[in-house]
Amino acid sequence: MKDDLKNNRGDDLIKVVRPRHPEKINKPNSRLLRKPSWLKVKAPNSAGFFETKKIVQDHDVFTVCEEASCPNIGSCWAKKHATFMIMGGICTRACGFCNVTTGKPKKLDLFEPARVANAVSKLGLKHVVITSVDRDDLEDGGANHFAKTVGLIRMKCPKTSVEILTPDFLKSNQDPLPVLLGCLPDVFNHNLETVPRLYQEVRPGSRYYASLRLLDRVKELEPKIFTKSGMMVGLGEEFKEILQVMDDLRAAKVDFLTIGQYLQPTKKHYPLDRFVSVEEFNKLKKIAYGKGFLMVSSSPFTRSSFHADDDYQELLKKKQVNVSG
Ligand code: SF4
């Protein structure tokens, strides 16, 4: 009888209204600050946006663009650039900044990798970013599902470069890197998100030095793979703490740094401290280049996957110049 209430993917057909962030219900409300003019975006309405939306819906896949309420969705989807979020739409962590639904995830959908590969093909992506929810419930943290997805994209779209934006696999019982690096992603991206002092509240399930070490080990094991990491600003970090994160990332030989403005999704999320000015983002970019990053993207709208295709081409060019220079 119970099965009659589910579709063939096991989804409940009768919607039970559950909060998106049950762990945040009892948090105090914080005041949502009004966005400055440079952060306002128009509602998406281009033909490309609606075509992308249809492809995403038709393939029954999740995108972080929608799940995280990314402000760039209008401009990215107009160009048919979407970032796929695999392993379902429910995350086992409860990060203070994130708008992805939290809770107990469903079983892994074994057909999801093929649907993602088909969607990548349909969108005609030259470069794709694959990210995921945290799956602390899985023995391998989902590393094999990542590898399967990348493998199928490689088969279906051999010319497409692949960037993986991974969780930290902190609770996994297996080392994820042999599996993840075995599928030879072109870019390995893992975000530090914020400065170590704020981890307890902003990323309570994660450890700053574990994330850093993950990136460090990628370079140790596969020095040719580009590594990338990102952080948000506006959470209350101090300037010198941002510089410390840059130094730590350079010590781990990370190639590419992204810095963007934190936007507080709801009153229950980690409170926004301030809007960082465009001038300050430019200053951070200059300092980061001075510290030796091959690429830096620093602007209010920067997100790990924003312009990831153009940035990957730029990375390749810069690497070439470094090798021949
Ligand atoms: S920046 Fe990334 S997450 Fe945001 S809309 Fe663009 S592709 Fe999606």
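**View 1. Residues around the ligand in a predicted model.** The shell around the ligand consists of seven nonpolar residues, four polar and one charged (nonpolar: Ala, Val, Leu, Ile, Met, Phe, Trp, Tyr, Cys and Pro; charged: Asp, Glu, Lys and Arg; polar: the others, Gly among them). Its members are V64, C65, C70, N72, I73, C76, H81, A82, T83, R303, S305 and F306, a residue being near a molecule if its C-beta atom, placed from the backbone, lies within 6 Å of it. Two or more residues of this shell come from each of α2 (64–67) and α3. Helices (H or I, at least four residues) and strands (E, at least two) are DSSP runs, numbered from the N terminus.

The model is predicted: local features need pLDDT of at least 70, side-chain atom pairs count only at pLDDT 80 or more, and totals for chains, interfaces and linings use all residues. Residue numbers start from 1 along each chain as its sequence is written.

View 2. T52, I55 and V56 are buried in α1 (20 or more other C-beta atoms within 10 Å of the residue's own; exposed, 12 or fewer; partly exposed, in between; C-beta atoms placed from the backbone). Seen down the axis of α1, the buried residues fall within an arc of 100 degrees, so they line one face of the helix; the arc is that of the directions from the helix axis to the C-beta atoms. Exposed residues A47, K54, Q57 and D58 sit on the face turned away from the buried side.

**View 3. The end of α1.** Just after α1, D60 has a positive phi of about 55 degrees.
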